[in-house]
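Hi everyone, thanks for coming. Please have a look at the sequence and the model on the screen, and then I'll walk you through them.

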Amino acid sequence: MERRSFLKHAGASMAGAAVAAPASAAELPTIKWRLASSFPKTLDTIFGATESVAKHVAAATGGKFQIQLFAANEIVPGPGVLDAVKDGTVEIGHTASYYYVGKDPTFAFDTCLPFGLNSRQQTAWMLSGGGLELMREFFRDYNIHLIPCGNTGTQMGGWFRKEIKSLDDLKGLKFRISGITGQVLAKLGVVPQQIPGGDIYPALEKGTIDAAEWVGPYDDLKLGFNRVAKYYYYPGWWEGGPQLSIYVNMKHWASLPKEYQAILEDACLRAHSEMQASYDAKSPNALKQLVGSGTQLRPFPNEVMAAAFKTALDLYDEIAAKNAKFRRIYETWKKFRDDQLQWFAVAENRYDNFMQATRVATRARNNK
């Protein structure tokens, strides 16, 4: 399993660091960094990843390496994390790279693309499929050392004031949506709106937007979206496995002792695994609460998903024809995705589908 392999890797690495550290601990410097997050503190599962990183970095260094956390808008706005780290305003940041596709659509590969990899596949691509090396090379142009730090798993499709029964219902819809997905939906008639997480609720409440997506049941319940929109759609086909990332300014990364570099990367891997585990554990009960409060759960119509799929692939080809950096990563990413789909169809999907069918059949028998 993804989480087990992460914890095994991180645990072994941290054990090695813990053994090596005491010999030179007295010589290691005291360092205090500031971390700018793209997320509010109220989102404990996402912001909590940085709390985990800071806690374990401090513990592994005997308190010599401290990371002070700042939520969105405390130092810079949520979408300002990239520039803040690049320019050295802060040493380190935590964000979703697809926020920056306006600078270059290649950023999307570090988070997710519509109809792309699920969370396990994204982790496999990054850690064992060459993805991390490709993305770190790309991020060097932005003066950033990249470290994966979190994944939510497949997200929900968002909250809508009215039902989406066909493609016609998308026309003119003002939809809060991040990343390259906005370009896909724009071709289907949607008016995409990129709004930071903390500003979504008031925009939906006031009618500034007609629909919004964030993550999934746990966060959405906490943010109260069910109070201002009735229909809750799934799946978030644009976010099959969205990864969050730590950005470190290259100059500050280079100045870190090797022991601190290893400890920081291991702490990020731990937080990466913890985030996915937390969402998986908390989502079922949160979804039950939402449905119990009157939320209407709806799948996206096949017509909508099929049109979005074709539009997304056409868009990738358009971008690749004009953007050499995107094209280079897309070619290897696409092959990896197709290989993963073949593999998952053999074991994972068959197992999951059987278990779900069995659960439904058992409940039906028990309710007779």
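I'll go through the core, the strands, the salt bridges and a bit of the surface.

Before that, some housekeeping. This is a predicted model, so keep in mind that local features need pLDDT of at least 70, that side-chain atom pairs count only at pLDDT 80 or more, and that totals for chains, interfaces and linings use all residues. Residues are numbered from 1 along each chain as its sequence is written, and side-chain values use heavy atoms, with hydrogens and water left out.

Okay, the inside. In soluble globular proteins, nonpolar side chains tend to be buried together. By a nonpolar core I mean a set of buried Ala, Val, Leu, Ile, Met, Phe, Trp, Tyr and Cys residues joined through side-chain atoms within 4.5 Å. And buried is under 20% relative accessible area, exposed is over 50%, and partly exposed is in between, with a 1.4 Å probe and protein chains only. The largest core here has 110 residues, and those with the most contacts inside it are Ile67, Trp125, Trp214 and Leu264. Helix 10, residues 258–292, gives the largest share of this core, with 9 residues. When I say helix or strand, I mean DSSP runs numbered from the N terminus: H or I with at least four residues for helices, E with at least two for strands.

What does Trp125 touch, if we don't count residues up to four places away in sequence? Its partners include Phe109, Leu117, Met135, Trp333 and Phe336. A contact here is heavy atoms within 4.5 Å.

Now find strand 10, residues 243–249. Is it buried or exposed? 7 of its 7 residues are buried, so strand 10 is largely enclosed by the rest of the structure. In a regular strand the side chains alternate between the two faces of the sheet. You can follow that here: Gln243, Ser245, Tyr247 and Asn249 point one way from strand 10, while Leu244, Ile246 and Val248 point the other way.

Which strands sit alongside strand 10? Two strands count as paired if DSSP finds at least two bridges between them. Strand 3, residues 92–95, runs antiparallel to strand 10 and is joined to it by 4 bridges; Gly93, for example, has Tyr247 as its bridge partner. Strand 4, residues 144–151, also pairs with strand 10 in the antiparallel sense, over 6 bridges, and there Ile144 has Asn249 as its bridge partner.

Elsewhere, 6 strands form an open sheet in the order 7-6-8-5-9-11, with mixed pairing. At the edges are strand 7 (191–193) and strand 11 (296–299), each pairing on one side only. Strand 6, residues 174–176, runs parallel to strand 7, with 3 bridges between them. One of the paired residues is Phe175, whose bridge partner in strand 7 is Pro192.

On to charges. Side chains of opposite charge can pair when their charged atoms come close. A salt bridge here is a side-chain nitrogen of Lys or Arg within 4 Å of a carboxyl oxygen of Asp or Glu. How many salt bridges does the structure hold? There are 17.

Take Lys325 and Asp141, whose side chains meet at 2.8 Å, N to O. Lys325 is in helix 12 (residues 324–346) and Asp141 is in the loop between helix 5 (131–140) and strand 4, so the pair ties together parts that are 184 residues apart in sequence. Lys325 is partly exposed, at 40% relative accessibility, and Asp141 is exposed, at 53%.

Then compare Asp314 and Lys310, which form a salt bridge at 2.9 Å, N to O. They are 4 residues apart in helix 11 (residues 302–322), so about one helical turn separates them. There is also a network of salt bridges that links Asp44, Lys222 and Lys282.

Last stop, the surface. Tyr234, Val291 and Leu297 form a nonpolar patch with about 220 Å² of accessible area together. Those areas come from the Shrake-Rupley method with a 1.4 Å probe, and for residues only the protein chains shown count as cover. Patches are made of residues with over 30% relative accessible area and no salt bridge; like charges are joined within 9 Å, and nonpolar side chains (Val, Leu, Ile, Met, Phe, Trp, Tyr) within 5 Å. Tyr234 lies in strand 9, residues 231–234, and is partly exposed, with a relative accessible area of 33%.
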